[in-house]
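User: I want to go through the voids and helix packing in this model. Start with how you define a void.

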Amino acid sequence: MKAIRRFTVRPVLPEPLRPLSDLARNLRWSWHTGTRELFRSVDPERWAAAGRDPVRLLGSVATERLTELAGDRDFLDRLDAVSGDLHAYMTGDRWYQAQADRLPAAVAYFSPEFGITAALPQYSGGLGILAGDHLKAASDLGVPLVGVGLLYRHGYFRQSLSRDGWQQEHYPVLDPNELPLDQLTEADGTPAQITLALPGDRSLRARIWVAQVGRIPLLLLDSDVEENDLGERGVTDRLYGGGSEHRLLQEMLLGIGGVRAVRAYCRLTGHAAPEVFHTNEGHAGFLGLERIAELRAEGLDFDAALEAVRAGTVFTTHTPVPAGIDRFDRELVARHFGPHAELPNMEVDRILRLGMETYPGGEPNLFNMAVMGLRLAQRANGVSLLHGHVSREMFAGLWPGFDPEEVPITSVTNGVHAPTWVAPEVFRLGARQIGAQRAEEALSVGDSDRWDSVADIADQDVWDLRRSLREQLVLEVRERLRASWRQRGAGTAELGWIDGVLDPDVLTIGFARRVPSYKRLTLMLRDRDRLMDLLLHPERPVQIVIAGKAHPADDGGKRLIQELVRFADDPRVRHRIVFLPDYGMAMAQKLYPGCDIWLNNPLRPLEACGTSGMKAALNGCLNLSVLDGWWDEWFQPDFGWAIPTADGVGTTPDRRDDIEAAALYDLLEERVTPAFYERGRDGLPDRWIEMVRRTLGLLGPKVLAGRMVREYVERLYAPAAHAHRAMDPDSARALAAWKARVRGAWHGVTVDHVETSVTAATAELGTTLGLRVRVGLGGLKPEDVEVQAVSGRVDEEDRITDAAAVPLKPVGAPDREGRWVYEGPLSLDRTGPFGYTVRILPSHPLLASGAELGLLAVPSEDVVEAAGLLMR
């Protein structure tokens with residue numbers, strides 16, 4: 001019989017065990033080994049059956065067992081110690097509180113997905129895991145973040161395989177009352193609620209659930225409330241599901257509703273109001289509109305409010321391709337804003353202009369969420385050095401006339417939260433060297449360049465650890481593979497072969513990630529005979545563990561999975577290569593430590609960062625990767641191997657894949673497997689162990705989320721907070737008026753004449769030229785602009801590379817024609833072909849960059865001809 005109504009009945013804990021509830025509802029347990037061990041000791045079998053989720057565990061433990069534990073002095077002492085540790089963690093000063101600078105009182109961090117723990121499945125892949133690691137690292141550092149996201153009642157999806165290897169999706173319903181969440185309530189106990197206006201006099205309401213991630217509250221908005229009509233209840237049904245309007249409503253709820261949720265949370269709890277708003281990818285970009293509306297309600301006009309909002313906003317882009325950005329038809333966006341919908345007091349045309357692709361090559365009828373994010377943020381960044389470069393080129397149209405390297409998008413390379421991803425065995429080995437407290441600080445704060453103590457770990461200990469982790473992975477794979485074949489319809493009699501799958505003494509390669517085409521899941525299958533030879537080599541075999549999900553609407557990705565599964569089903573190789581369905585955090589935490597090699601072969605430069613290899617490296621796994629994302633930045637032969645990129649002019653996609661696959665096979669055959677299997681005098685693979693040691697000691701400190709969050713604080717959050725404080729209403733109005741005046745006058749800004757004190761085409765290194773420039777300012781004043789000499793080496797097309805800009809100074813008053821003369825020195829500080837030019841940029845103390853307005857004036861062709869701008 002089926003129940004007509006469902007309740008969640010929570011256990012009543014005996015008084016001595018009440019602290020267990022607080023421990024279960026703070027997600028710090030997901031990265032704190034001591035807390036997890038305490039819950040495991042409550043009932044080891046139920047702990048495993050509950051998926052290592054303390055909330056589910058406490059809901060299933062027998063009353064008799066709870067009564068027994070309430071009288072167990074040893075257990076209560078451990079409970080008291082773990083509770084005290086959490087209290088100290090929550091209330092004590094940490095890295096952030098020790099900084100002298102006036103840092104933000106709070107930062108609001110918006111993301112469409114958060115990967116905190118498998119017990120809260122609100123993520124699809126790298127973006128969500130990165131967001132979860134960002135929150136955890138901020139908590140460890142004491143950064144006063146407030147996370148903002150959506151609560152998806154079906155999460156992303158659960159993946160299984162059909163008998164013929166086709167991906168199948170399942171969407172289990174999540175009950176918030178059974179998750180580690182608490183509902184935000186008003187003072188009278190009623191649920192706190194935010195409301196968005198929709199076209200046709202409809203409303204979208206959402207409640208606010210709070211997940212406590214260590215010190216960080218994560219607010220999750222849920223539209224599945226009785227006050228909504230059926231359509232509106234489904235807005236937060238699935239992550240990345242539905243059509244354009246569905247996605248637009250999700251992103252309006254995340255951005256606009258998210259700001260309102262933050263205001264409600266601060267009002268009800270006394271939490272400091274955020275001074276900085278961080279938009280993690282364009283999905284949350286509408287948050288800027290809500291903040292403009294707030295300021296307009298306080299008396300600012302649109303332009304002044306825009307300046308005030310931009311000052312305190314940080315935007316992070318994660319995609320290296322335009323196709324990865326959400327774009328909506330302008331009419332769809334227009335219908336959801338204005339007098340008869342949301343933000344009724346804001347001009348729809350002004351909203352549309354923030355997101356329209358009004359630049360060469362743009363689609364004039366599409367509203368681009370990343371473009372809006374960039375226009376609403378004074379500071380922006382990519383997520384690796386290479387991705388920063390790609391982003392500057394991709395979005396260069398927003399700053400016409402500037403070279404891509406001057407586009408104001410910096411980069412902060414991603415990191416991973418080591419306490420989440422480092423296997424307990426790896427942590428214990430490090431703690432044995434330096435002590436548990438120092439090891440914990442090294443992994444969380446990330447303020448050292450190298451972990452020298454790793455060098456003191458004995459070779460035998462390193463090798464024993466690696467074998468132990470590999471053996472654990474073998475057992476995990478067999479268990480998961482058996483469950484997968486059961487789902488595919490196999491009977492017990494068919495599955496005896498699984499007991500022989502993988503070998504704890506064989507070189508193990510891991511490949512696990514989302515399955516879009518650019519990540520090239522099946523590159524390893526380019527030459528199947530050669531792959532089989534690697535898998536079945538009599539002396540130096542390899543084994544491969546593969547996992548990954550394709551987007552439900554991506555049949556191309558599903559075909560790639562099916563192709564790989566069919567190869568892995570071949571009885572000749574199925575003991576050496578496996579595909580595990582339903583890749584998620586729980587699987588990943590076993591997979592990274594147990595692999596010897598982490599394989600990554602995307603199309604360069606389409607991997608923005610790619611953090612899975614970082615997690616593997618922190619466990620002593622070596623990387624074998626295309627030079628893309630973070631690996632392009634930090635690769636050294638000490639840490640692994642680089643797969644060459646076939647990027648020659650005229651190389652077809654098929655030819656490129658053939659070349660790069662052949663390079664992959666070559667590396668495995670000639671360098672990787674010999675290093676793993678060759679033994680030194682003591683019977684150990686000396687070269688391999690040394691690479692593991694260098695990966696841990698030199699690469700480990702670089703890849704930490706603690707390092708990443710400290711960079712965000714120092715390079716983006718702190719400057720944004722200073723800009724926010726400087727942008728009081730009068731300053732915002734003045735800056736907006738100044739920008740309007742500059743834009744209106746810019747057509748009259750010209751470089752009319754350039755001359756130097758040296759007229760020859762050659763000069764000696766160290767020579768200083770005198771530059772004299774005559775400019776027109778079009779009614780602007782010298783304090784409104786900066787006149788610069790830009791110089792550097794020149795290429796064959798006379799483009800200046802590695803440019804340096806030096807400001808020139810005005811001399812005297814304007815002449816009778818209103819022209820100004822600027823002068824300054826120009827040092828010839830490098831040999832070879834050298835060139836210079838002159839340009840004029842807007843200048844104001846409240847600008848974050850001279851490129852901010854996208855305006856510049858350069859010499860006309862006639863002036864260039866007369867100036868002789870090249871010296872060779």
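Analyst: On a 1 Å grid over the protein atoms alone, a cavity is a set of points where a 1.4 Å probe fits but cannot get out. A pocket is an open set with protein on both sides within 12 Å along at least five of seven lines, and lining residues have an atom within 4 Å of a point. Points are joined across faces, edges and corners, and a volume is the space filled by probe spheres set on them. The model is predicted: local features need pLDDT of at least 70, side-chain atom pairs need 80 or more, and totals for chains, interfaces and linings use all residues. Numbering runs from 1 along each chain as its sequence is written, and side-chain values use heavy atoms, without hydrogens or water.

User: How many cavities of 30 Å³ or more?

Analyst: The count comes to 5.

User: What volume does the second largest cavity have, and which residues line it?

Analyst: About 60 Å³. The lining is P112, L150, Y152, Y240, R247, Q250, E251, L254 and H283. Helix 9 (residues 244-269) gives the most, with 4 residues. Helices (H or I, at least four residues) and strands (E, at least two) are DSSP runs, numbered from the N terminus.

User: How does that lining divide by class?

Analyst: 5 nonpolar, 2 polar and 2 charged. Ala, Val, Leu, Ile, Met, Phe, Trp, Tyr, Cys and Pro count as nonpolar; Asp, Glu, Lys and Arg as charged; the others, Gly among them, as polar.

User: And the largest cavity: how much space lies in it?

Analyst: About 90 Å³. The lining of the largest cavity has 13 residues, with L481, W485, A568, D569 and F579 nearest the centre. By class, 9 are nonpolar, 1 is polar and 3 are charged.

User: Which elements supply at least two residues each there?

Analyst: Helix 19, helix 21 (555-568) and strand 17 (577-580).

User: Which other helices supply at least two?

Analyst: Among them are helix 2 (33-42), helix 6 (73-91), helix 17 (424-434), helix 19 (459-487) and helix 26 (686-699). The lining of this pocket divides into 25 nonpolar, 11 polar and 13 charged residues.

User: Helix 19 again. At what angle does it pack with helix 22?

Analyst: About 140°, with the axes 8 Å apart; helix 22 spans residues 585-594. That makes helix 19 oblique to helix 22. Axes are lines fitted to C-alpha atoms, for helices over the stretch in contact, and angles run from 0 to 180 degrees between N-to-C directions. Under 35 degrees is roughly parallel, over 145 roughly antiparallel, 65 to 115 roughly perpendicular, and the rest oblique.

User: Left-handed or right-handed crossing?

Analyst: Left-handed. In that case the near helix is turned anticlockwise from the far one by less than a right angle; clockwise would be right-handed.

User: Which residues make the contact?

Analyst: Helix 19 uses R466, L469, R470, Q472, L473, E476 and R480, and helix 22 uses A586, M587, K590, L591, P593 and G594. Contact means heavy atoms within 4.5 Å. By class, there are 6 nonpolar, 2 polar and 5 charged residues.

User: Now helix 10 and helix 11. What angle?

Analyst: About 125°, axes 9 Å apart, for residues 287-297 and 302-311. Helix 10 is therefore oblique to helix 11. The crossing of helix 10 past helix 11 is right-handed. G288, R291, I292, L295 and R296 of helix 10 meet F302, A305, L306, A308 and V309 of helix 11. That contact has 7 nonpolar, 1 polar and 2 charged residues.

User: What does R260 touch?

Analyst: I194, T195, L196, E290, E342 and L343, leaving out residues up to four places away in sequence. R260 sits in helix 9. R260 and L287 are 27 residues apart in sequence and 9.2 Å apart in space, C-alpha to C-alpha.
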